[in-house]
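I opened my notebook to look up a few things in this structure. Have a look along with me.

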Amino acid sequence: MPTTVPTDVTPELARENAVFRKVVRRIVPFLMLCYVVSYLDRVNVGFAKLQMSSDLGFSEAAYGLGAGLFFIGYFLFEVPSNLLMQRVGARTWIARIMISWGVVSAAFVFVTNEATFYVLRFLLGAAEAGFYPGVILYCTYWFPSRRRARVIALFMSAIPVAGIFGNPLSGWIMDVFHGVGGWDGWQWLFLVEAVPALVIGVITMFWLDNGVREAKWLTDDEKSVVERAVAADAAQHTVHGRALDAFRDGKVWLMCLIYFCFVMGQYALTFWMPTFVESTGIKGALAIGVLSAIPYVAALIAMNLFGFSADKRRERRWHLVVPSLMGAVGFSMAASWTGSTVLSLVALSIAAAGVLTCAPLFWSLPTSFLGGTAAAAGLAVINSVGNLAGFVSPYMIGALKDSTGSTAIPMYVLALALVVGAAAVLTTKKSVVNR
């Protein structure tokens, strides 16, 4: 049975709560903003596809391959990037990541053929590698395990926020700017949405601190409160002395399998949502963008409710199993209801609420047992291997859509992957992860 947090709040705990609320207010909204921009630049290719594929003659499989090649670059450079962040500091490294991905994202205006598309998608993945696991690692510097699921859920709310605001914005840019200056709408999309990454990358150098001791916005007493909580939590971790030790830990590879299954569903939604909505008969990029935002509203609500509940009850496994099965049900329903816009949006909303909730809650599992030097490598390995599903998922959907003319079969494959992920979660020891 799930355990609950005692309702009695001591003066010491009240003081600690107040300090961590201050830390959350300073760090989390800014990291969310960074991730909104990151995610928008990563997946706006899904909207660009509505015009770009026909303009450049891309097949569904060619688009899926290009979308997925992002994750090959991401995979190859993820671990080195996270280890370098530990060496040079989070502030400088996260700023470098944002500026470099902004430059590469803007370069998509020059895509003229499949080869250029493939190269730039690979380079975008290489540029962005390390951002997400770097932020997860950064959160371990500031928050103990018992507070981390809620914080990570808040941070990852950036994904549905990017969908809620980014999808209508992307549709609006493509409709309004189409033909301006002789450029197509999809070219303006890449250019306009690259600018925030460059601006925020510069701001990062002045806003983030590499660690608690550098935080001038905390008093010495507040710094001690944070450091004691994090140190006490770290003492319970499986501490590895070297980065290579993470590769020998069987639990790390189990985490890779679980995350791979969840990412399959996540990127199926983010890369193909506009196409799914268009297939129900909706015309116009702006209309598609507005309707595509609806499932992300459901996801935003679900992921924060589940994150709050997981921390309150200190229960991690079933708080992952339930949303993953929700995602499987949603994809299965979407496979059967392709003829109705309303029913399709209901199904996609259930799927989005499920799969997007899995991602933030998942990270409470590996951060509950990884510690020491290997934490940077372990988190990066899990994220990079898991994100290979970001290559498999869009390419699989595109190839099956080309060969069958239907999205039903890939939807069922995605549902099966989520069921496998749920089963794998239940193999973890609750005594290790329920903290």
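**Ground rules**

I am working with a predicted model, where local features need pLDDT of at least 70, side-chain atom pairs count only at pLDDT 80 or more, and totals for chains, interfaces and linings use all residues. Residues are numbered from 1 along each chain as its sequence is written, and side-chain values use heavy atoms, with hydrogens and water left out.

**Overall build**

I looked up the secondary structure and found 19 helices and two strands in the protein. Helices (H or I, at least four residues) and strands (E, at least two) are DSSP runs, numbered from the N terminus. The radius of gyration is 21 Å, close to the 22 Å of the globule rule for 435 residues, so the protein is as compact as a globular protein of that length. I note that this radius is taken over C-alpha atoms, and that the rule is 2.2 Å times the number of residues to the power 0.38. The C-alpha trace spans about 60 × 45 × 40 Å along the principal axes.

Next I checked burial: 60% of the 435 residues are buried. Buried means under 20% relative accessible area, exposed over 50%, and partly exposed in between (1.4 Å probe, protein chains only). The accessible surface comes to about 16000 Å², and 69% of that belongs to carbon and sulfur atoms. These areas come from the Shrake-Rupley method with a 1.4 Å probe; for residues, only the protein chains shown count as cover.

I also looked at contacts, meaning heavy atoms within 4.5 Å. Of the contacts with a separation of 6 or more, 84% are between residues 24 or more positions apart.

**Helices H3 and H17**

Two packed helices are described by the angle between their axes and the distance between the axes. I looked up both for H3 (residues 60–88) and H17 (residues 389–404): the axes come within 7 Å and cross at roughly 175°. Axes are lines fitted to C-alpha atoms, for helices over the stretch in contact, and angles run from 0 to 180 degrees between N-to-C directions. H3 and H17 are therefore roughly antiparallel to each other; the cut-offs are under 35 degrees for roughly parallel, over 145 for roughly antiparallel, 65 to 115 for roughly perpendicular, and oblique for the rest.

On the H3 side, the contact residues include Glu60, Gly64, Leu65, Gly68 and Phe71, and on the H17 side they include Phe391, Pro394, Tyr395, Gly398 and Asp402. By class, the contact has 10 nonpolar, four polar and three charged residues. Here Ala, Val, Leu, Ile, Met, Phe, Trp, Tyr, Cys and Pro count as nonpolar, Asp, Glu, Lys and Arg as charged, and the others, Gly among them, as polar.

**Single residues**

For the contacts below, I left aside neighbours up to four places away in sequence.

- Gln51 sits in helix H2 (residues 45–56). It is buried, at 15% relative accessible area, and touches Met174, His178, Asp184, Gly185 and Trp186.
- Glu114 belongs to helix H5 (residues 114–128). It is partly exposed, at 32%, and is in contact with Gly57, Phe58 and Ala62. Its C-alpha is 7.1 Å from that of Phe58, which is 56 residues apart from it along the chain.
- Phe131 is part of helix H6 (residues 131–142) and is buried at 0% relative accessibility. Among its contacts I noted Cys34, Tyr35, Trp101 and Phe155.
- Ile152 is found in helix H7 (residues 145–156) and is buried, with 0% relative accessibility. I listed Ile136, Pro360 and Trp363 as its contacts.
- Phe362 lies in helix H15 (residues 341–362), and its 0% relative accessibility counts as buried. It touches Met255, Ile258, Tyr259, Phe262, Leu320 and Ile382. Arg317 is 45 residues from Phe362 in sequence and 8.8 Å from it in space, C-alpha to C-alpha.
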